Every structure is written in C-alpha cells, then in structure tokens.
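Colleague: I have a new model open and would like to learn how to read it. Could you take me through some features, one at a time?

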Amino acid sequence: MTPARLTLFTMIRAVPYATDGAHTAEALFTTGRGDCLAKSAALVRGLRDLGYRARPVRWLYHLPDRPAEVALLRSREDVHTAAEAELSGRWVLVDATHDPALGAAGLTVAEWDGISDTAPAYPPAGPLWRPGDGPEPVPNRGSVGPDPAGAVYRAAFNRWLREARGGG
C-alpha cells in the first residue's frame, strides 16, 4: 500500500513547473502549472492535512545555464523554496518542484521513498532558511532596482520548459 504522503508528493510533482503559473497553493491546481512557491506550499499544506509537521525551506541558488537568455541577467542568483516534513523525529527535505518531463532537459526531478531526503531541484548556494531563522534569503542583495532583462529571461525560461516537455 502506498502511503498517502507519497501519493501527495507524486500528484504535486506531476503538475507542470512554470514561473508564469500559480504562485500559491490555492491556485496551483486551478492554474494547472506553478512555481516552486506554489508547489512547496501545496506540499506543506497537504502534509499537514495528513497529520505531519511540515514547513517551507528556502535557499539561494544559481539559475541553470539554459535558456541562453540567462546570460542577459545581471546575476543568476535566485531563491528556491521546497518543503520539509518531520518523519520519525527527523526533518526530511521533500522537493516536488520539477515535473518528470523536465528530466530530459537536465533538470533534477526528485524521487521520494517517503522516508529519506529527496534531491533538491537546485543545489543550495548558501545556508538553508526555515521559519524562525530570521530574515529570509534575498537574491542579489544590494542590487539597485529590477533587472531589465528579467522579463525577457522569464519568458524564454517558460518557453524552454514547454519545449522540454514537447509542447513548443
């Protein structure tokens, strides 16, 4: 019998990852795609509904090398959000960010045995932050204003994700 936490993980991981989709747990399934904020919030909420202690975890990371428009950005630093669940007295990383089709594009698609840590979608480039740890990580701390190339990059990134799934 598959534990409900594995069914939950698989269901959330299957929702297409996109930064132009939902940003909240509430909108994830109605929008049909979402970013790491939406997917981790849905996972935290679902794990809590199943009776587990769960919390978000965040860290700085560097954007992947693709699409080529990433080179237009002032910085490739960003913040990733995943979930942690307390299982048998130990906090376990559970990262359901990338849907399975993105593995072919070289992105990390986590597998979960329901007991151990999953692989993170993006390797941390700094300490992990959890609720109560103080200020949350902020990418590009000290930079002035929004990056003018940000919108171009985000559009190209989401197009690349669709192409990686064969959806053009």
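**Reading the model, feature by feature**

Modeller: Start with T97, which sits in the loop between β4 and α4. Keep in mind that this is a predicted model.

Colleague: Is T97 buried or exposed?

Modeller: Buried means under 20% relative accessible area. T97 has 2% relative accessibility, so it counts as buried.

Colleague: Which residues does T97 touch, leaving out those up to four places away in sequence?

Modeller: T97 touches Y17, C36, K39, H80, T81 and A121. Now compare sequence and space. T97 and A38 are 59 residues apart along the chain, and their C-alpha atoms are separated by 9.1 Å.

Colleague: Let me try Y122. Where is Y122 found?

Modeller: Y122 is in the loop between β4 and α4, and α4 covers residues 150–164.

Colleague: How do I judge whether Y122 is buried or exposed?

Modeller: Take its relative accessible area, which is 4%, so Y122 is buried. Then list its partners beyond four places in sequence. Y122 touches Y17, W59, Y61, P64, H80, H98, L107 and F157. Y17 and H80 are among the contacts of T97 too.

Colleague: How far is Y122 from T31?

Modeller: Their C-alpha atoms are separated by 24 Å, and the two residues are 91 apart along the chain.

Colleague: What about A125?

Modeller: A125 also has its place in the loop between β4 and α4. Here the class is an intermediate one. A125 has 36% relative accessibility, so it counts as partly exposed. Leaving aside neighbours within four places, A125 is in contact with W59, L60, Y61 and H62. W59 and Y61 are also touched by Y122. A125 and E86 are 39 residues apart in sequence and 24 Å apart in space, C-alpha to C-alpha.

Colleague: Now a helix, please. How do I read the buried residues of α1?

Modeller: Begin with the general idea. An α-helix has 3.6 residues a turn, so residues three or four places apart point the same way. Then take the case. Helix α1 runs over residues 4–14, and R5, L6, L8, F9, I12 and R13 are buried in it. Viewed down the axis of α1, these buried residues fall within an arc of 160 degrees, so they line one face of the helix.

Colleague: What covers the buried residues of α1?

Modeller: The cover includes α2 (25–31), α3 (36–49), β3 (77–87) and β4 (90–94).

Colleague: How do α1 and α3 pack?

Modeller: Read the angle, then the distance. α1 and α3 pack at about 160 degrees, with axes 10 Å apart. An angle over 145 degrees counts as roughly antiparallel. So α1 is roughly antiparallel to α3. The crossing of α1 past α3 is right-handed.

Colleague: Which residues make the contact?

Modeller: From α1 come R5, L8, F9, I12 and R13, and from α3 come K39, A42, L43, G46 and L47. By type, the residues of this contact divide into six nonpolar, one polar and three charged.

Colleague: What should I look for in the backbone of the loops?

Modeller: Check omega and phi. The peptide bond from R66 to P67 is cis, with omega near 0 degrees. P67 lies in the loop between β2 (54–62) and β3. S88 has a positive phi of about 50 degrees, although S88 is not a glycine.

Colleague: Where does S88 lie, and is S88 buried or exposed?

Modeller: S88 lies in the loop between β3 and β4. Exposed means over 50%. S88 has 83% relative accessibility, so it counts as exposed.

Notes:
Residues numbered from 1 in each chain as written. Predicted model: local features only at pLDDT ≥ 70, side-chain atom pairs only at ≥ 80, totals over all residues. Heavy atoms only, no water. Buried < 20%, exposed > 50% of the residue type's maximum accessible area, 1.4 Å probe, protein only. Helix = DSSP H or I, 4+ residues; strand = E, 2+ residues; numbered from the N terminus. Arc of directions from axis to C-beta. Contact = heavy atoms within 4.5 Å. Axes fitted to C-alpha atoms, helices over the stretch in contact; angles between N-to-C directions. Parallel < 35°, antiparallel > 145°, perpendicular 65-115°, else oblique. Left-handed = near helix turned anticlockwise from the far one by under 90°. Nonpolar A, V, L, I, M, F, W, Y, C, P; charged D, E, K, R; others polar.
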